[in-house]
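Me: Could you walk me through this structure? I am new to it and would like to take it one question at a time.

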Amino acid sequence: MPTDNNILVEVNDLKTHFPIKRGLFRKTVGQVRAVDGVSFNIPAGQTLGLVGESGCGKTTIGRTILRLIPHTEGSVKFEGHDVFSLPSASMQKLRSQMQIIFQDPYGSLNPRMTVANIVGEALTVHGIARGRERRKIVSDLLVKVGLSRHHASRYPHEFSGGQRQRIGIARALALNPKFIVCDEAVSALDVSIQSQIINLLEDLQQEFGLTYLFIAHDLAVVEHISDIVAVMYLGRIVEYADRKTLYENPMHPYTKALISAIPQPDPTRKSTRMVLQGEVPSPANPPAGCHFHPRCPFAEQQCSQQTQLLKEKNPGTNHLVACWKCKDI
């Protein structure tokens, strides 16, 4: 992983577990290991695509980084500052530099607030602008994301799904952040609208020098927008590489299966589909060793007994894989 001075976000051995409580006295009887030892770096101005099946812990990572939910172990550094150790006053200042775009473009917007208040609320809370100045900033942001100035007086229910997501993007941009978590930002949109939002995010990244953590389960979308890709399975990252390397030479069996499932636009092109058997295990009771071994067609005894950490398989490529057998596949 990149370790130079250009790193904006550093995640080191991050774990986020949720207690399972039962009985009259709500006794803790287990843990849901939503995130179970994840490490990665995001260079400034680049996009890390985080992909995997639903329930693998992608959204939990994004929200843990922003301290929207508490972590269990590990650390997150933003511009060298330990996010989890900051006092509340310092964290409030840092929040202006770290924003999020939510998956649901309607549920994330307050239906009782106008667009002007939704986008401009953060400007008031952080003491940046009020009155006429705030209205001008909000109007400029709406134009920047492809809406009109007169939309500021309307309510969320008056917009389409794509327009609502543009409002969410404008809200995330209001404080001029450096880092934005895009949590399934296009998953709830029509395919034609997805491309428009992706292009908008790329344009904004170029204009403002933004850094993205782009969370998604659609590998075709991730390939288009990401510089680096991390593949997650059941709370762990199983493969990490730059976009070109990962898509041209996937090494982990899970990554191979995901990429083989991408629809091909050319009906005459034949591709071999790698179909996984079984269901994703519960994060409350993950398998021993490699979490993927119960579904892996190449698993051996070692896979069920020992956990393989991310290791660089080809020296100098920064292509990391957590698999005992990937070189033999």
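Me: Where is Thr272 placed, and is Thr272 buried or exposed?

Reply: In this predicted model, local features need pLDDT of at least 70, side-chain atom pairs count only at pLDDT 80 or more, and totals for chains, interfaces and linings use all residues. Residues are numbered from 1 along each chain as its sequence is written, and side-chain values use heavy atoms, leaving out hydrogens and water. Thr272 sits in the loop between helix H9 (253-260) and helix H10 (301-305); helices are DSSP runs of H or I with at least four residues, strands are E runs of at least two, both numbered from the N terminus. Buried means under 20% relative accessible area, exposed over 50%, partly exposed in between (1.4 Å probe, protein chains only), so at 73% Thr272 is exposed.

Me: And His151, is that residue buried or exposed?

Reply: His151 belongs to the loop between H4 and H5. Leaving aside residues up to four places away in sequence, His151 touches Val115, Leu142, Phe159 and Gln163, where contact means heavy atoms within 4.5 Å. Because its relative accessible area is 8%, His151 is buried.

Me: Which helices do the buried residues of H3 pack against?

Reply: Helix H3 spans residues 115-125, and its buried residues include Val115, Ile118 and Leu123. Those buried residues pack against helix H4 (131-144) and helix H5 (161-173).

Me: Which are the edge strands of the open sheet?

Reply: Eight strands form the open sheet, with mixed pairing, in the order S6-S7-S8-S3-S9-S10-S12-S11. Two strands pair if DSSP finds at least two bridges between them. Pairing on one side only, the edge strands are S6 (98-101) and S11 (311-312).
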